[in-house]
Amino acid sequence: MRTTVIPSGRTLTLVGLSSLVFLVSTPLALVADAVILLLAFVDARRTRPPNAHREAPRISAMAGVSDVVLTVTNPGTNRVIAKVTDDLDPCLRRLPGPGGLDEWESGKLVALAPGEFVRCHYRVTPRTRGFLPLGAIHLRTLSPWGLMWRRSSVDVSHTLQVQPGVRDLLRDRSGFAIRRRLRTPGLRRNRQWGEGREFESLRDYVQGDDPRTIDWKASAKRHKFVVRNYEAERSQSIVLAIDAGRHMRERLSPLRERMDYALGACMMLASRAQNFGDRIGVVVFDERIRHVSPPRRADPPALARVLAGVETRLVEPNYPLAFATMGRTFRKRSLVILFCDVVDGSVSRALVKSLARIGRAHLPLAIAIRNPALESAATRAVGEADDAYHRAAAEELVQARATTLQVMRQSGILVVDTPPGDTLVRTLDKYVEIKERGLL
């Protein structure tokens, strides 16, 4: 614990009054000042700061609210008056309490009887993902005679892991569909019937069934048509390829970048893959490879820790390097889900070539997240010359994006073109469709 002392307002007032004595007698005024300083020194030595510790959550969701508690305890035998506050990362915003924010900026005032403790509550909300530290606790303790403040710091540190939360994203119009899709009753195996290759059971033919699913041997034995049920294949490999370049840094809502929507979809997809027993691998890249995780059984908490540390950078993504790394790292045929957007012409051409190349060994799926503001600018009414230039530029970008996506589809690359709010549900729908149709 580091401590320093500063004079209180009472001491400064006494020193100011003693200066009036100079008008009468200089020696007497110096003696008065010396007595005040001596009393302040003795008072400061008698000051015993209280103990303090913090209780804070370890994990928070993006745009969520977390409760933090500072507990201040007086272990001494005298009454203590103190002000307490603590350090927060700049990306953590303290929310106003009953006394407003000023009480925490200047220090929350507490008065403690001997042996008493008090719990000071406040709430914080993160402005970004990542690992955000809560630093030292600072105390200013008033001396028994009120002549000095003793400043002390308790070197404690907590790290709030801000994960790409999906709760807020589930509140949009697609949230109910996602929750219904993820619901699994009891401990029963969650079956997804479709065109997969794993045989599940036999059942009677009903009108509308695909004739290709008729089991002719079973039908001959039962003297009626019987069809085979297939379930989506399990234990397949999924690679989450996350572009962390400049396009993913673009803010699509007041709180979220394009990357936040992508990471939310990754978290939801990992939860769904866990039900299927699929393995999840991760590649995060921009101009360099930032993270590579080999395929392993889907573990949403472990994935959340990885995704919490993903940072976007104002650089162009190096798609050839990223997909060459995937080709060397992931040997087994996998579903490669790339979260990105395509606007810049040269970068988009590199992306199409890289995806087409990796498509020889894997199944590529591109999740392209739109910018609604750009689409709105491309259709906005023109009132002045500047508006015309803005609209023309926006139209050019929208057209270039549409052209690139069309080229990707013609190259055999699966594409999901989605607005930000539908990223979760459309990614899940496409993943389940691929599983049910046995495309992988």
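## A nonpolar surface patch

Seven residues, Val 31, Val 35, Leu 38, Leu 39, Phe 41, Val 42 and Trp 145, make up a nonpolar patch on the surface of this predicted model. Together they have about 630 Å² of accessible area, a value from the Shrake-Rupley method with a 1.4 Å probe, where for residues only the protein chains shown count as cover. A patch takes residues with over 30% relative accessible area and no salt bridge; nonpolar side chains (Val, Leu, Ile, Met, Phe, Trp, Tyr) are joined within 5 Å, like charges within 9 Å.

Leu 39 belongs to helix H2, residues 26–45. Helices (H or I, at least four residues) and strands (E, at least two) are DSSP runs numbered from the N terminus. Leu 39 counts as partly exposed because its relative accessibility is 39%; buried means under 20% relative accessible area, exposed over 50%, and partly exposed in between (1.4 Å probe, protein chains only).

## A positive surface patch

A patch of positive charge on the surface consists of Arg 349, Lys 353, Arg 357 and Arg 360. Lys and Arg count as positive and Asp and Glu as negative, while His and the chain ends are not counted. The place of a charge is NZ of Lys, CZ of Arg, CG of Asp or CD of Glu.

Lys 353 sits in helix H9, residues 345–358. With 57% relative accessibility, Lys 353 is exposed.

## Salt bridges

The count of salt bridges is 19, each being a side-chain nitrogen of Lys or Arg within 4 Å of a carboxyl oxygen of Asp or Glu. One of them joins Arg 94 and Asp 86 at 3.2 Å, N to O, and both of these residues are buried.

Another pairs Asp 341 with Arg 258, with 3.3 Å between the closest N and O atoms. This pair links distant parts of the chain, 83 residues apart: Asp 341 is in the loop between strand E17 (334–340) and H9, and Arg 258 is in helix H6 (residues 258–276). Asp 341 is buried at 4% relative accessible area, and Arg 258 is buried at 0%.

Arg 426 and Asp 422 also form a salt bridge, their closest N and O atoms 3.9 Å apart. Here Arg 426 is partly exposed at 32%, whereas Asp 422 is buried at 6%. Through shared partners, salt bridges join Glu 250, Arg 258, Asp 341, Arg 370, Glu 375, Arg 401 and Asp 417 into one network.

## Cysteines

The count of disulfides (pairs of cysteine sulfur atoms within 2.5 Å) is 0. Cys 120 is buried at 1% relative accessible area, and Cys 266 is buried at 0%.

## Basis of the values

Residues are numbered from 1 along each chain as its sequence is written, and side-chain values use heavy atoms, leaving out hydrogens and water. In this predicted model, local features need pLDDT of at least 70 and side-chain atom pairs count only at pLDDT 80 or more, while totals for chains, interfaces and linings use all residues.
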